[in-house]
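Visitor: I would like to learn how to read a model like this one, feature by feature. Could you take me through it?

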Amino acid sequence: MTAAVQAEGLTKYYGDRRGLEDLTLEIRPGEIFGYLGPNGAGKTTTIRLLLDVIRPTRGSVRVLGEDPRTAAVRSRVGYLPGELALEGRDQALDYLRFLGRVRGGVPGSRIEALAERFDADLSVPMRKLSKGNKQKVGLIQAFMHEPELVILDEPTSGLDPLVQQEFLALVREVRTAGRTVLMSSHVLAEVESVSDRVGIVRRGRLVAVENVAALREKAVRRMELHFDAPVPRSAFEGLPGVRDLRVEGASVRCTIDGRPDALVKAAARFTVVHLVSAEPDLEEIFLTYYSEEERHHDRQESA
Ligand SMILES: Nc1ncnc2c1ncn2[C@@H]1O[C@H](COP(=O)(O)OP(=O)(O)OP(=O)(O)O)[C@@H](O)[C@H]1O
């Protein structure tokens, strides 16, 4: 199957300023790919290269199997830029209808249905739209022609939590329909719940690509078990994946690396009256990529 995005050694320098360096990445059709990195990491540069807004210094990229310069590929892609310029006196609805016609005809009912989902007010002249409503108009135009690939640069910025949930639901529907989504963010929590994989970018370089399910399995979680009577420490010592074990009377507290299976089986020999499992802290893992890369970078600098 043709990759939704295929980048090989993709590099962009702005003069001698590094925007993106040597990005090799494949985004599979039908997946939701989260593109994560702090400010200035190179996310927007990558996205602009995919859309032929800017051209690479080196390397190549294919979008839906085509060179991004090919005009025909544009109508197959939906794009929400990070900074959306919506100006003028036209009502947002007229603007969206116009874009719909340009893109080969988008039914008005689809625009209205999206506006209703996002609770967007489209009767307002564009220049008077609030930041949140602007973002909603941006999202509607990115999704409304049902593109095969939706590229979203920081899509949730300015959206209130309810609209964010609606947006995430829409992203999942796009995946169910077999279409692909690439969304950038500087916060893991924003993309973690929907993404199949995340790419972590820092200082213009892709540091890691991780399967979110695997990341979750690797993640550290804290567990607390309470029994109906005191339990012996020996029953829980040395279990695979169990760390920081504390046994106090009828309570066991520990940290689990990966699967909690061994702990659960050991606990099953006693009567469990209460069990608390804190959500795995992916942020902790996420941050280790930054610090590892930081160390690597520092070693290179001092070499
Ligand atoms: N037009 C430009 N001219 C010069 N340097 C640029 C330009 N655009 C981006 N850069 C630089 O390229 C690097 C990557 O920027 P980019 O905007 O791609 O990062 P980002 O991850 O999208 O961050 P943000 O979330 O802040 O937009 C930064 O160091 C930035 O200063």
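**Two crossing helices**

Guide: The axes of helix 4 (residues 108-118) and helix 5 (residues 131-143) come within 10 Å and cross at roughly 140°. Helices (H or I, at least four residues) and strands (E, at least two) are DSSP runs, numbered from the N terminus, and axes are lines fitted to C-alpha atoms, for helices over the stretch in contact, with angles from 0 to 180 degrees between N-to-C directions. This is a predicted model, in which local features need pLDDT of at least 70 and side-chain atom pairs count only at pLDDT 80 or more, while totals for chains, interfaces and linings use all residues. Residues are numbered from 1 along each chain as its sequence is written.

Visitor: How are helix 4 and helix 5 oriented to each other?

Guide: Angles under 35 degrees count as roughly parallel, over 145 as roughly antiparallel, 65 to 115 as roughly perpendicular and the rest as oblique; helix 4 and helix 5 are therefore oblique.

Visitor: Which residues in helix 4 and helix 5 meet?

Guide: Contact requires C-beta atoms, placed from the backbone, within 7 Å. Ile111, Leu114, Ala115 and Phe118 of helix 4 meet Lys136, Leu139, Ile140 and Phe143 of helix 5.

Visitor: Which residues come nearest to the ligand?

Guide: A residue is near a molecule if its C-beta atom, placed from the backbone, lies within 6 Å of it. Among the 13 residues around the ligand, Tyr14, Asn39, Lys43, Thr44 and Thr45 come nearest. Strand 2 (17-27) and helix 1 (43-50) each supply at least two residues of this shell, and helix 1 gives the most, with three.

Definitions and conventions. Contact = placed C-beta atoms within 7 Å.
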